[in-house]
Amino acid sequence: MEWVEVRGPTVELAVQAAVEELGLASPDQANIEVLQDAERGFLGLGRKDAIVRVQAKPKRRRRRSKNAKPGNQRGRKPESNDEAERPKEQKRPQKQQKRSQKKEQKRPQKEQKRQEPSGEEGKKVREEQAEVVGSFLRGLLEAFGLEGEVTTRVEDDIIYADVAGSQAEALIGPHGTVLQAIHELCKTVIQRKTRESARIRLDIGGYQERRKEALRIYARRLAEQVIEEQSEIMLEPMNAGERKVIHDAVADIEGVQTYSEGEEPHRSVVLSPKD
């Protein structure tokens, strides 16, 4: 769920600016949190702007009838986390499945034998890929003239790359868009340098952890609202990682369940009362 923090001479002006930035018609369509009230100060000294945090309210939906026909439950996914994100391989038409099987059979033998390295060989490849990512990120900082420290590690076949430093936060961008772009670049660089794909977790200035914690708090608040009002709430489209944070945060709360709906990149999480 996107939110913005805006500073203004008054709370009202800051809210209005945030509402316009989010593309909303009025403040009634937003959740508003006042982080700091404006203070005039004395003779211009000690003056402080108002700071507000604003996000669009989630879309409310009428709860589905218990007797609704299966055909009316278009797009609904099972409640469990794993099944909620299960690929749609089973829905593939039969003809397409047969066509895919034939292609697999015709694929050259060398390509069929290509597998991701495992064991000591796999560990060596991942460490090499971690060095590639670290080198790329250090070069990126140098190219932008930013100071920062890059660390990488490999855990459970996943490469973790962290960029620390106050100046490095310039690489996060609005709502993490620049960070996501750099993440994709890291994957591309690894593929080209090592001829192997890799799973990467990139964080800059602790943004990903802050984002996850904000999503957990937000999900728990919405869960309480769903239980109280007995109505469904659909969140804005999120990527797979953010949807999993929402699913995990609500999983242990009784009386509410989650599932994903829609197609990428417009796939959303829905919170629903649990019977």
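**Figure 1. Packing of helix α5 against helix α6.** Helix α5 (residues 119–144) packs on helix α6 (residues 177–194) at an angle of about 130°, and the two axes are 10 Å apart. The model shown here and in the other views is predicted. Angles over 145 degrees would count as roughly antiparallel and 65 to 115 as roughly perpendicular; α5 and α6 are therefore oblique to each other. Their crossing is right-handed. From α5, the residues E128, Q129, V132, V133, F136, L137 and L140 take part, and they meet I182, L185, C186, V189, I190, K193 and T194 of α6. Sorted by class, the residues of this contact are ten nonpolar, two polar and two charged.

**Figure 2. Surroundings of T194 in helix α6.** T194 is found in helix α6 and is one of the residues through which α6 meets α5. The relative accessible area of T194 is 13%. Buried means under 20%, so T194 is buried. A polar atom of the T194 side chain lies 2.7 Å from the backbone oxygen of I190. Leaving aside residues up to four places away in sequence, T194 touches E128, Q129 and V132. These three residues, E128, Q129 and V132, also belong to the α5 side of the contact between the helices.

**Figure 3. Crossing of helices α7 and α8.** The axes of α7 and helix α8 (residues 240–251) come within 9 Å and cross at roughly 50°. An angle under 35 degrees would count as roughly parallel, and 65 to 115 as roughly perpendicular; α7 and α8 are therefore oblique to each other. The crossing of this pair, α7 and α8, is right-handed. On α7 the contact is made by R211, K212, L215, R216, A219, R220 and A223, and on α8 by E242, V245, I246, A249 and V250. By class, the contact of α7 with α8 holds seven nonpolar and five charged residues, with no polar ones.

**Figure 4. E228 of helix α7 and its distance to P273.** E228 is found in helix α7. With a relative accessible area of 70%, E228 is exposed. E228 and P273 are 45 residues apart in sequence, whereas their C-alpha atoms are 9.2 Å apart in space.

Figure 5. S268 is found in strand β10 and is buried, with a relative accessible area of 4%. A polar atom of the S268 side chain lies 3.2 Å from the backbone oxygen of L235. When residues up to four places away in sequence are not counted, S268 touches M234, L235, E236, P237, R243, Y259, S260 and E261.

**Figure 6. The cis peptide bond between E264 and P265.** E264 and P265 are joined by a cis peptide bond, with omega of about 5°. P265 is placed in the loop between β9 (256–261) and β10 (268–273). Strand β10, on one side of this loop, is also the strand in which S268 is found.

Figure 7. D157 is not a glycine, yet has a positive phi of about 70°. The position of D157 is in the loop between β5 (149–155) and β6 (158–164). D157 is partly exposed, with a relative accessible area of 32%. Q230, also a residue other than glycine, has a positive phi near 50°. Q230 is found in the loop between α7 (207–229) and β8 (232–234). The relative accessible area of Q230 is 40%, and Q230 is partly exposed.

**Figure 8. The whole chain, for orientation.** The protein has eight helices and ten strands. Of its 275 residues, 33% are buried. Among contacts with a separation of 6 or more, 63% are between residues 24 or more positions apart.

Terms used: Residues numbered from 1 in each chain as written. Predicted model: local features only at pLDDT ≥ 70, side-chain atom pairs only at ≥ 80, totals over all residues. Heavy atoms only, no water. Helix = DSSP H or I, 4+ residues; strand = E, 2+ residues; numbered from the N terminus. Buried < 20%, exposed > 50% of the residue type's maximum accessible area, 1.4 Å probe, protein only. Polar contact = N/O pair within 3.5 Å; in protein donor to acceptor, adjacent residues only side chain to side chain. Contact = heavy atoms within 4.5 Å. Axes fitted to C-alpha atoms, helices over the stretch in contact; angles between N-to-C directions. Left-handed = near helix turned anticlockwise from the far one by under 90°. Nonpolar A, V, L, I, M, F, W, Y, C, P; charged D, E, K, R; others polar.
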